[in-house]
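Dear colleague,

Please find the structure below, handed over for your records. My findings on the ligand site and on one of the helices follow it.

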Amino acid sequence: MEEIIKTLPQHTCNWLKGKITMYKYQDFWTIKHLLEGGILAQQSFKAEPNDVFLCSAPKTGTTWLKSLAFAIVTREKFDESTTPLLTKFVHECVPFLEKSQVEEHENNRKNLSLPLIATHIPYASLPESVISSNCKIVYIYRNIKDVIVSHYHFLREGLKLPMEDAPFEEAFEEFCQGVSGYGPYWDHVLGYWKASLERPDKILLLKYEDLKSEPKSNVKRLADFIGCPFSVDEEKAGVVDNIIRFCGFENMSNLEVNKTGKRNGSVTENRIYFRKAKDGDWKNYFTNEMKEKIDKLTDEKFNGTGLLLK
Ligand code: A3P
(Lines give C-alpha, C1' and ligand atoms only; values in the text may rest on other atoms or scores of the structure.)
Protein backbone atom coordinates (compact mmCIF):
# COMPACT_ATOMS: atom_id res chain seq x y z
CA MET A 1 0.00 0.00 0.00
CA GLU A 2 2.75 2.44 1.04
CA GLU A 3 4.55 1.65 -2.21
CA ILE A 4 1.48 2.49 -4.31
CA ILE A 5 0.77 5.69 -2.40
CA LYS A 6 4.37 6.91 -2.56
CA THR A 7 4.21 7.02 -6.35
CA LEU A 8 1.02 9.13 -6.54
CA PRO A 9 0.76 12.87 -7.27
CA GLN A 10 0.24 14.78 -4.00
CA HIS A 11 -1.23 18.13 -3.12
CA THR A 12 -0.90 19.84 0.23
CA CYS A 13 -3.74 22.25 0.95
CA ASN A 14 -2.06 25.53 1.86
CA TRP A 15 -5.29 27.25 2.83
CA LEU A 16 -5.60 24.59 5.56
CA LYS A 17 -2.16 25.52 6.86
CA GLY A 18 -0.73 22.42 5.20
CA LYS A 19 -2.62 20.13 7.58
CA ILE A 20 -4.22 18.08 4.81
CA THR A 21 -2.50 16.32 1.93
CA MET A 22 -4.49 14.78 -0.89
CA TYR A 23 -3.34 12.02 -3.24
CA LYS A 24 -4.42 11.53 -6.82
CA TYR A 25 -5.31 7.93 -7.56
CA GLN A 26 -7.08 6.74 -10.72
CA ASP A 27 -8.06 10.32 -11.62
CA PHE A 28 -9.52 11.30 -8.26
CA TRP A 29 -8.16 13.07 -5.20
CA THR A 30 -8.56 11.93 -1.63
CA ILE A 31 -6.82 11.77 1.72
CA LYS A 32 -4.57 8.91 2.73
CA HIS A 33 -6.70 6.81 5.07
CA LEU A 34 -9.71 6.92 2.76
CA LEU A 35 -7.50 6.04 -0.18
CA GLU A 36 -6.08 3.06 1.69
CA GLY A 37 -9.60 1.89 2.49
CA GLY A 38 -10.66 2.42 -1.11
CA ILE A 39 -7.75 0.43 -2.50
CA LEU A 40 -8.43 -2.39 -0.01
CA ALA A 41 -12.08 -2.38 -1.06
CA GLN A 42 -11.05 -2.56 -4.72
CA GLN A 43 -8.81 -5.51 -3.92
CA SER A 44 -11.11 -7.56 -1.73
CA PHE A 45 -14.70 -6.29 -1.37
CA LYS A 46 -17.20 -8.82 -2.67
CA ALA A 47 -20.54 -7.24 -3.46
CA GLU A 48 -23.73 -9.30 -3.28
CA PRO A 49 -26.36 -8.85 -6.01
CA ASN A 50 -28.84 -7.44 -3.46
CA ASP A 51 -26.48 -4.79 -2.12
CA VAL A 52 -27.59 -1.22 -2.69
CA PHE A 53 -24.82 1.36 -2.97
CA LEU A 54 -25.40 4.92 -1.77
CA CYS A 55 -22.87 6.96 -3.73
CA SER A 56 -21.97 10.62 -3.58
CA ALA A 57 -19.18 13.13 -3.68
CA PRO A 58 -18.64 14.60 -0.19
CA LYS A 59 -20.93 17.46 0.90
CA THR A 60 -23.69 16.72 -1.59
CA GLY A 61 -26.25 15.26 0.83
CA THR A 62 -24.68 11.93 1.79
CA THR A 63 -25.82 12.13 5.41
CA TRP A 64 -29.38 12.88 4.37
CA LEU A 65 -29.51 10.12 1.75
CA LYS A 66 -28.11 7.62 4.24
CA SER A 67 -30.67 8.46 6.90
CA LEU A 68 -33.57 8.31 4.45
CA ALA A 69 -32.44 4.99 2.96
CA PHE A 70 -31.77 3.54 6.43
CA ALA A 71 -35.18 4.64 7.72
CA ILE A 72 -36.88 3.21 4.61
CA VAL A 73 -35.27 -0.23 4.71
CA THR A 74 -35.52 -0.68 8.49
CA ARG A 75 -39.06 0.69 8.95
CA GLU A 76 -40.54 -2.70 9.79
CA LYS A 77 -37.88 -3.39 12.42
CA PHE A 78 -37.87 -0.02 14.11
CA ASP A 79 -40.17 2.93 14.67
CA GLU A 80 -39.26 6.50 15.54
CA SER A 81 -38.76 5.68 19.19
CA THR A 82 -36.48 2.70 18.59
CA THR A 83 -34.51 3.52 15.44
CA PRO A 84 -30.73 3.39 15.89
CA LEU A 85 -30.64 6.80 14.18
CA LEU A 86 -31.70 8.25 17.55
CA THR A 87 -28.55 7.20 19.33
CA LYS A 88 -26.03 6.28 16.68
CA PHE A 89 -24.46 8.65 14.18
CA VAL A 90 -25.91 8.08 10.70
CA HIS A 91 -22.48 7.36 9.25
CA GLU A 92 -22.14 4.55 11.76
CA CYS A 93 -25.58 3.13 10.96
CA VAL A 94 -24.80 2.66 7.27
CA PRO A 95 -21.52 0.87 6.51
CA PHE A 96 -18.93 2.77 4.48
CA LEU A 97 -17.18 0.91 1.65
CA GLU A 98 -13.85 2.62 2.30
CA LYS A 99 -14.07 1.09 5.80
CA SER A 100 -15.44 -2.28 4.72
CA GLN A 101 -12.41 -3.97 6.23
CA VAL A 102 -13.28 -2.46 9.61
CA GLU A 103 -15.04 -5.07 11.72
CA GLU A 104 -17.75 -2.77 13.05
CA HIS A 105 -18.91 -1.87 9.55
CA GLU A 106 -18.99 -5.50 8.46
CA ASN A 107 -20.87 -6.48 11.64
CA ASN A 108 -23.41 -3.73 11.08
CA ARG A 109 -24.19 -5.17 7.70
CA LYS A 110 -24.53 -8.71 9.02
CA ASN A 111 -26.44 -7.91 12.23
CA LEU A 112 -29.14 -5.87 10.55
CA SER A 113 -29.04 -7.77 7.23
CA LEU A 114 -28.71 -4.28 5.85
CA PRO A 115 -28.40 -4.16 2.06
CA LEU A 116 -27.00 -0.59 2.17
CA ILE A 117 -23.36 0.42 1.71
CA ALA A 118 -22.18 3.97 1.16
CA THR A 119 -19.16 5.17 -0.76
CA HIS A 120 -17.60 8.30 -2.19
CA ILE A 121 -15.55 6.35 -4.76
CA PRO A 122 -16.15 7.53 -8.36
CA TYR A 123 -18.05 5.15 -10.61
CA ALA A 124 -15.01 4.20 -12.71
CA SER A 125 -13.09 3.14 -9.59
CA LEU A 126 -15.78 1.11 -7.79
CA PRO A 127 -14.71 -2.43 -6.88
CA GLU A 128 -15.26 -4.62 -9.92
CA SER A 129 -17.81 -6.84 -8.14
CA VAL A 130 -20.19 -3.89 -7.64
CA ILE A 131 -20.64 -3.71 -11.39
CA SER A 132 -20.40 -7.43 -12.17
CA SER A 133 -22.97 -8.26 -9.46
CA ASN A 134 -25.31 -5.75 -11.08
CA CYS A 135 -25.92 -3.98 -7.76
CA LYS A 136 -28.28 -1.06 -7.55
CA ILE A 137 -26.72 2.35 -7.07
CA VAL A 138 -28.31 5.55 -5.78
CA TYR A 139 -26.31 8.68 -6.53
CA ILE A 140 -26.97 12.08 -4.98
CA TYR A 141 -25.52 15.31 -6.38
CA ARG A 142 -25.89 19.00 -5.60
CA ASN A 143 -25.38 22.52 -6.90
CA ILE A 144 -21.62 22.91 -7.25
CA LYS A 145 -21.46 26.33 -5.61
CA ASP A 146 -23.14 25.11 -2.42
CA VAL A 147 -20.87 22.06 -2.46
CA ILE A 148 -17.81 24.33 -2.57
CA VAL A 149 -19.00 26.32 0.45
CA SER A 150 -19.98 23.19 2.36
CA HIS A 151 -16.63 21.53 1.54
CA TYR A 152 -14.78 24.64 2.72
CA HIS A 153 -16.51 24.74 6.10
CA PHE A 154 -16.31 21.00 6.64
CA LEU A 155 -12.54 20.83 6.18
CA ARG A 156 -11.96 24.05 8.08
CA GLU A 157 -14.14 23.05 11.02
CA GLY A 158 -12.71 19.55 11.07
CA LEU A 159 -9.32 21.15 11.71
CA LYS A 160 -10.82 23.78 14.02
CA LEU A 161 -9.45 26.62 11.88
CA PRO A 162 -11.31 29.93 12.20
CA MET A 163 -12.47 31.50 8.93
CA GLU A 164 -9.89 34.28 9.12
CA ASP A 165 -7.15 31.65 9.04
CA ALA A 166 -8.63 29.74 6.11
CA PRO A 167 -8.99 31.96 3.02
CA PHE A 168 -12.09 31.00 1.07
CA GLU A 169 -10.59 32.30 -2.22
CA GLU A 170 -7.81 29.72 -2.00
CA ALA A 171 -10.22 26.92 -1.18
CA PHE A 172 -12.30 27.99 -4.18
CA GLU A 173 -9.31 27.99 -6.55
CA GLU A 174 -8.25 24.56 -5.37
CA PHE A 175 -11.75 23.20 -5.95
CA CYS A 176 -11.76 24.72 -9.45
CA GLN A 177 -8.51 22.90 -10.16
CA GLY A 178 -10.28 19.66 -9.32
CA VAL A 179 -8.59 19.16 -5.96
CA SER A 180 -11.47 18.36 -3.60
CA GLY A 181 -12.58 15.24 -1.74
CA TYR A 182 -12.94 12.59 -4.49
CA GLY A 183 -12.82 15.40 -7.06
CA PRO A 184 -12.81 16.78 -9.66
CA TYR A 185 -16.48 17.13 -8.66
CA TRP A 186 -17.66 17.49 -12.28
CA ASP A 187 -16.04 14.18 -13.23
CA HIS A 188 -17.61 12.48 -10.21
CA VAL A 189 -21.09 13.55 -11.29
CA LEU A 190 -20.45 12.82 -14.97
CA GLY A 191 -19.23 9.29 -14.21
CA TYR A 192 -22.43 8.30 -12.41
CA TRP A 193 -24.60 10.24 -14.84
CA LYS A 194 -23.17 8.42 -17.87
CA ALA A 195 -23.55 5.08 -16.13
CA SER A 196 -27.18 5.91 -15.30
CA LEU A 197 -27.88 6.42 -19.01
CA GLU A 198 -26.38 3.03 -19.81
CA ARG A 199 -28.02 1.20 -16.89
CA PRO A 200 -31.11 3.21 -15.92
CA ASP A 201 -32.73 0.27 -14.12
CA LYS A 202 -29.69 -0.05 -11.83
CA ILE A 203 -28.67 3.55 -11.20
CA LEU A 204 -30.93 6.21 -9.73
CA LEU A 205 -29.79 9.83 -9.73
CA LEU A 206 -31.25 12.16 -7.12
CA LYS A 207 -30.60 15.86 -6.89
CA TYR A 208 -30.28 17.41 -3.41
CA GLU A 209 -32.34 20.44 -4.41
CA ASP A 210 -35.14 18.24 -5.84
CA LEU A 211 -35.21 16.16 -2.69
CA LYS A 212 -35.73 19.39 -0.81
CA SER A 213 -38.37 20.92 -3.03
CA GLU A 214 -40.31 17.70 -3.64
CA PRO A 215 -39.45 15.35 -0.81
CA LYS A 216 -42.49 13.10 -1.05
CA SER A 217 -42.22 12.05 -4.68
CA ASN A 218 -38.45 11.65 -4.42
CA VAL A 219 -38.54 9.62 -1.21
CA LYS A 220 -41.15 7.35 -2.82
CA ARG A 221 -38.91 6.99 -5.90
CA LEU A 222 -36.03 6.10 -3.61
CA ALA A 223 -38.09 3.48 -1.74
CA ASP A 224 -39.40 1.97 -5.01
CA PHE A 225 -35.89 1.81 -6.44
CA ILE A 226 -34.37 0.21 -3.34
CA GLY A 227 -37.11 -2.41 -3.52
CA CYS A 228 -39.01 -1.29 -0.39
CA PRO A 229 -42.03 0.57 -1.85
CA PHE A 230 -44.56 2.13 0.50
CA SER A 231 -47.96 0.45 0.50
CA VAL A 232 -51.14 2.49 0.08
CA ASP A 233 -51.95 1.84 3.74
CA GLU A 234 -48.53 3.05 4.82
CA GLU A 235 -48.95 6.20 2.83
CA LYS A 236 -52.38 6.81 4.33
CA ALA A 237 -50.96 6.24 7.80
CA GLY A 238 -48.38 8.97 7.19
CA VAL A 239 -45.32 6.69 7.12
CA VAL A 240 -43.71 8.58 4.21
CA ASP A 241 -44.32 11.97 5.82
CA ASN A 242 -42.93 10.72 9.13
CA ILE A 243 -39.72 9.46 7.53
CA ILE A 244 -39.28 12.78 5.71
CA ARG A 245 -39.79 14.71 8.93
CA PHE A 246 -37.60 12.43 11.04
CA CYS A 247 -34.72 12.51 8.53
CA GLY A 248 -35.12 16.23 7.88
CA PHE A 249 -32.40 18.66 8.85
CA GLU A 250 -34.41 20.22 11.67
CA ASN A 251 -34.91 16.93 13.49
CA MET A 252 -31.59 15.26 12.71
CA SER A 253 -29.43 18.25 13.55
CA ASN A 254 -31.14 18.54 16.93
CA LEU A 255 -30.67 14.95 18.05
CA GLU A 256 -28.23 14.76 20.93
CA VAL A 257 -26.02 12.23 19.12
CA ASN A 258 -25.63 14.63 16.20
CA LYS A 259 -25.20 17.74 18.35
CA THR A 260 -22.60 16.53 20.80
CA GLY A 261 -21.40 13.10 19.69
CA LYS A 262 -18.18 12.02 18.06
CA ARG A 263 -17.58 9.01 15.91
CA ASN A 264 -15.94 5.98 17.44
CA GLY A 265 -12.19 6.54 17.50
CA SER A 266 -12.50 9.91 15.74
CA VAL A 267 -11.81 13.47 16.82
CA THR A 268 -14.34 14.78 14.30
CA GLU A 269 -17.54 16.01 15.88
CA ASN A 270 -20.77 14.72 14.35
CA ARG A 271 -22.25 18.21 14.34
CA ILE A 272 -20.02 19.35 11.47
CA TYR A 273 -22.08 17.15 9.14
CA PHE A 274 -25.07 19.38 9.93
CA ARG A 275 -24.30 22.98 9.10
CA LYS A 276 -27.06 25.04 7.45
CA ALA A 277 -28.57 22.90 4.70
CA LYS A 278 -29.61 26.05 2.83
CA ASP A 279 -29.83 26.25 -0.94
CA GLY A 280 -27.92 29.24 -2.28
CA ASP A 281 -25.69 29.81 0.75
CA TRP A 282 -22.90 30.30 -1.83
CA LYS A 283 -24.26 33.83 -2.42
CA ASN A 284 -22.79 34.79 0.96
CA TYR A 285 -19.28 33.78 -0.14
CA PHE A 286 -18.84 34.16 -3.91
CA THR A 287 -17.69 37.30 -5.66
CA ASN A 288 -19.09 37.97 -9.16
CA GLU A 289 -15.80 36.77 -10.63
CA MET A 290 -16.01 33.50 -8.74
CA LYS A 291 -19.57 32.95 -9.91
CA GLU A 292 -18.60 33.62 -13.52
CA LYS A 293 -15.58 31.37 -13.32
CA ILE A 294 -17.41 28.38 -11.85
CA ASP A 295 -20.39 28.80 -14.19
CA LYS A 296 -18.08 28.87 -17.20
CA LEU A 297 -16.17 25.79 -16.08
CA THR A 298 -19.42 23.96 -15.38
CA ASP A 299 -20.91 24.93 -18.74
CA GLU A 300 -17.80 23.61 -20.49
CA LYS A 301 -17.82 20.31 -18.63
CA PHE A 302 -21.58 19.74 -18.74
CA ASN A 303 -22.27 20.99 -22.22
CA GLY A 304 -24.92 18.80 -23.84
CA THR A 305 -25.67 16.70 -20.76
CA GLY A 306 -28.78 18.56 -19.67
CA LEU A 307 -27.49 18.30 -16.10
CA LEU A 308 -27.89 21.42 -14.00
CA LEU A 309 -25.19 21.89 -11.43
CA LYS A 310 -25.48 25.63 -10.87
P1 A3P B 1 -24.22 22.65 4.26
O2 A3P B 1 -22.79 22.63 4.58
O3 A3P B 1 -24.55 23.45 3.04
O4 A3P B 1 -25.09 23.03 5.40
P5 A3P B 1 -22.72 15.41 3.28
O6 A3P B 1 -23.75 14.72 4.09
O7 A3P B 1 -22.58 14.85 1.88
O8 A3P B 1 -21.44 15.52 4.01
O9 A3P B 1 -23.26 16.88 3.02
C10 A3P B 1 -23.36 17.78 4.08
C11 A3P B 1 -24.37 18.84 3.70
O12 A3P B 1 -25.69 18.31 3.80
C13 A3P B 1 -24.29 20.03 4.66
O14 A3P B 1 -24.66 21.15 3.87
C15 A3P B 1 -25.36 19.64 5.67
O16 A3P B 1 -25.84 20.72 6.42
C17 A3P B 1 -26.42 19.06 4.77
N18 A3P B 1 -27.34 18.15 5.48
C19 A3P B 1 -27.04 17.29 6.48
N20 A3P B 1 -28.15 16.64 6.87
C21 A3P B 1 -29.16 17.09 6.10
C22 A3P B 1 -30.56 16.80 6.06
N23 A3P B 1 -31.12 15.93 6.89
N24 A3P B 1 -31.30 17.46 5.14
C25 A3P B 1 -30.75 18.35 4.29
N26 A3P B 1 -29.44 18.67 4.30
C27 A3P B 1 -28.65 18.05 5.20
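Around the ligand there are 17 residues, of which Lys59, Thr62, Thr63, Ser150 and Ala277 come nearest; a residue is near if one of its heavy atoms lies within 4 Å of the molecule. The model is a predicted one: local features need pLDDT of at least 70, side-chain atom pairs count only at pLDDT 80 or more, and totals for chains, interfaces and linings use all residues. Residues are numbered from 1 along each chain as its sequence is written, and side-chain values use heavy atoms, with hydrogens and water left out.

A polar side-chain atom of Lys59 lies 2.6 Å from a ligand oxygen atom. For Thr60, a backbone N or O atom is 3.1 Å from an oxygen atom of the ligand, and for Gly61 a backbone N or O atom is likewise 3.1 Å from one. The protein covers 97% of the 570 Å² of accessible area (Shrake-Rupley method, 1.4 Å probe) that the ligand has on its own.

Helix 3 (residues 62-73) gives the most to the shell around the ligand, with 3 residues. Helices here are DSSP runs of H or I with at least four residues, numbered from the N terminus.

In helix 13 (residues 239-247), the residues Val240, Ile243, Ile244, Phe246 and Cys247 are buried, meaning under 20% relative accessible area with a 1.4 Å probe, protein chains only. Seen down the helix axis, the buried residues of helix 13 fall within an arc of 170°, so they line one face of the helix; the arc is that of the directions from the axis to the C-beta atoms. These buried residues pack against helix 3, helix 11 (215-226), helix 12 (232-236) and helix 14 (249-254), where contact means heavy atoms within 4.5 Å.

With kind regards

Note on methods
Polar contact = N/O pair within 3.5 Å; in protein donor to acceptor, adjacent residues only side chain to side chain. Helix = DSSP H or I, 4+ residues; strand = E, 2+ residues; numbered from the N terminus. Buried < 20%, exposed > 50% of the residue type's maximum accessible area, 1.4 Å probe, protein only.
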